[in-house]
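Open the model in a viewer and follow the stops below in order. Each stop says what to select and what is found there.

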Amino acid sequence: MNEYDYIIIGSGASGAAVAEKISSEYDVLILEKGSYLKLSEAHKGYFKSSSCKDFDKHGKVDILSANAVGGTTLLTIGNGIRTQEKKLENLGIDIEKELDEVEKDFDISPIPKNMLGERTKLFIDISKELGFESKIMPKMIDVKKCKNCGKCNMGCQFQAKKTSLYYVEKAISKGAELKTNFEALKIIKRGNEYIVEGKQDENHKSISSKKVIVSAGALDTPKILNNSGIITPKNLFVDVYVTIGGKVNYSFKEEINMAAYIPFKDFMLSPYYSERIIKILGEEKIESKRENIIGIMTKIKDDSFGFVGKDYIEKYCTGKDVQRISNGVAIASQILKKAGVDKIVSTEAAGAHPGGTAPLGITVDNQFKTKMDFYVCDASILPESPGAPPLLSLMALGKKLGENILNSS
Ligand SMILES: Cc1cc2nc3c(=O)[nH]c(=O)nc-3n(C[C@H](O)[C@H](O)[C@H](O)COP(=O)(O)OP(=O)(O)OC[C@H]3O[C@@H](n4cnc5c(N)ncnc54)[C@H](O)[C@@H]3O)c2cc1C
C-alpha cells in the first residue's frame, strides 16, 4: 500500500509552495536533504559548487545554493522581481494570478525611500547623470523589523527577511510530514506507484507514494532524473555575476544590498557590497575598511551552456557572456569613477540562480510532467536564464502546480 499521496523532494522556493497548496487535501511527505536551520544561522546551509574543475581559476564559475529546510530562499537578498512570465505563458503556463498571490503572501514592495542607504542613493544619482534610470528593488522584507544591517544573504538575525520557511510551516500545520537530512537519489515506477530511494543519516531508505514531485533545485534535480532513467540536456545557466568595486575617501553606514537596479536587455546593474573587494584590494596592497567600500554587481542573462554530471558541473562563460559582462562592467566603472574610486577591482565570476537543467518543452511538459509521469517543479524547468532574481516566479510555479493538482482531483 502507498504510504503517501504525494512525496515532494526538496523544500525550497517551488517545493514549499506546492506543499503549502496541496497539504490540506492530500497526505504529503516532504523529503529534505538539509536540516532545519534558524534564519539567523542560515549561512550554515551555504553550498558552493565549483564548475570546470579542470580549468584554470579564471574559467571557473562558483555556483551558490543552500541545503536546508526552505532551500536557497534562506540566503536571498530578498529581491522579489517578476521574471519570465511572458516566456512561461508562451510555453502554456500562465502564472499571473499566482504571482499576485506570492506578492500578497510576502507583502512584496519597493523599499521605502527613507530606508535607502547612501551607497544606493549615490548609485541612483550618478546613473541618472549618465542617462540611466534606476528602479527601486521590490523586497521580501518586513521593513518594520529590518535594521538595515546589509547581511540578508547570511540569513537574518532580526527575522525581517521572508523565506520559504513560511510555506513549509504552513504545509506542516495543514498536515504535511517533513523528513530532514533525507537525500532522495532515485525514483522507480512500479505499476501505479512510485518508490523513492534515498539515504537518511547514511541509512538506505525506500518510501512509496502515488505521485512524486521533484523540487530539488537545478543542481540536484537533474541528478535524480538521470539516476531514474531520464537523460537531461546540457542547458545549465546560472545568471553569472561579478561585482566590481573599490575604496572611496569617505564612509558609508550599513545598508540593504541591491536596493536599486538598472535593467538592460541582457544584464542588470545593482549596488552591492562584497567582502571580497576588501580582500582583493589587500592583495594589491591597498588597505580598506567595510565602510569605505562601494561596489556594483553586474548580473547577466547567460547562455544555457552547462551540464550537471554525476559528481561534477560543467559551466563556463561563452564569448557572448564575456561581452555581456564587459558591457555591464563598463557602465559600472563609469559610475564608480564618478563616485571617487581610483582603483577598481573585480570579484571572480559566480552564479546564484542555477536553472534550465530539466527545461519546459524538453524534459517536462506544460503540466510539469516528465515521460515517467512524475512532476518536476523548480528552477530546473526554466527554459532560459532570466538574468534577474527568479524566486518570485519559482514560488508562483509551485503554486500553479499545486492548483493544477487540486483542480484535477
Ligand atoms: C546568495 C544568494 C542570494 C539570492 N538572492 C536572491 C534574491 O534576492 N531574489 C531571488 O529571486 N533569488 C535569489 N537567489 C536565488 C534563489 O534563492 C533560487 O533561485 C531559488 O531558491 C531556487 O529555487 P528552487 O526551488 O529551484 O531550489 P532551492 O530553493 O535551492 O530548493 C531546493 C531544495 O531541495 C533540497 N534538495 C536538494 N537535493 C535534494 C535531494 N536529493 N533530496 C532531498 N532534498 C534535496 C535542497 O536542500 C533545497 O532545500 C539567491 C541565491 C543565492 C545563493
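**Helix packing and the ligand site**

Begin by selecting helix H1 (residues 13-22) and helix H5 (residues 165-173): their axes come within 8 Å and cross at roughly 30°. The model is a predicted one. With angles under 35 degrees counted as roughly parallel, H1 and H5 are therefore roughly parallel to each other. The crossing of H1 past H5 is left-handed.

Show side chains next. On H1, select Ala16, Ala17, Ala19 and Glu20; on H5, their partners in the contact are Tyr167, Val168, Lys170 and Ala171. Sorted by class, this contact of H1 with H5 holds six nonpolar and two charged residues, and no polar ones.

The axes of H1 and H9 are 7 Å apart, and the helices pack at an angle of about 35°. Here H1 makes a right-handed crossing. The contact of H1 with H9 has ten nonpolar, three polar and four charged residues.

Now move to the ligand. It is surrounded by 38 residues, the closest being Glu32, Thr72, Asn79, Ala184 and Leu391.

- Asn67: a polar side-chain atom lies 3.1 Å from a ligand oxygen.
- Ala68: a polar backbone atom is 3.0 Å from a ligand oxygen.
- Asn79: a backbone N or O atom lies 2.9 Å from a ligand oxygen.

Note on methods: Residues numbered from 1 in each chain as written. Predicted model: local features only at pLDDT ≥ 70, side-chain atom pairs only at ≥ 80, totals over all residues. Heavy atoms only, no water. Axes fitted to C-alpha atoms, helices over the stretch in contact; angles between N-to-C directions. Helix = DSSP H or I, 4+ residues; strand = E, 2+ residues; numbered from the N terminus. Parallel < 35°, antiparallel > 145°, perpendicular 65-115°, else oblique. Left-handed = near helix turned anticlockwise from the far one by under 90°. Contact = heavy atoms within 4.5 Å. Nonpolar A, V, L, I, M, F, W, Y, C, P; charged D, E, K, R; others polar. Near = heavy atom within 4 Å. Polar contact = N/O pair within 3.5 Å; in protein donor to acceptor, adjacent residues only side chain to side chain.
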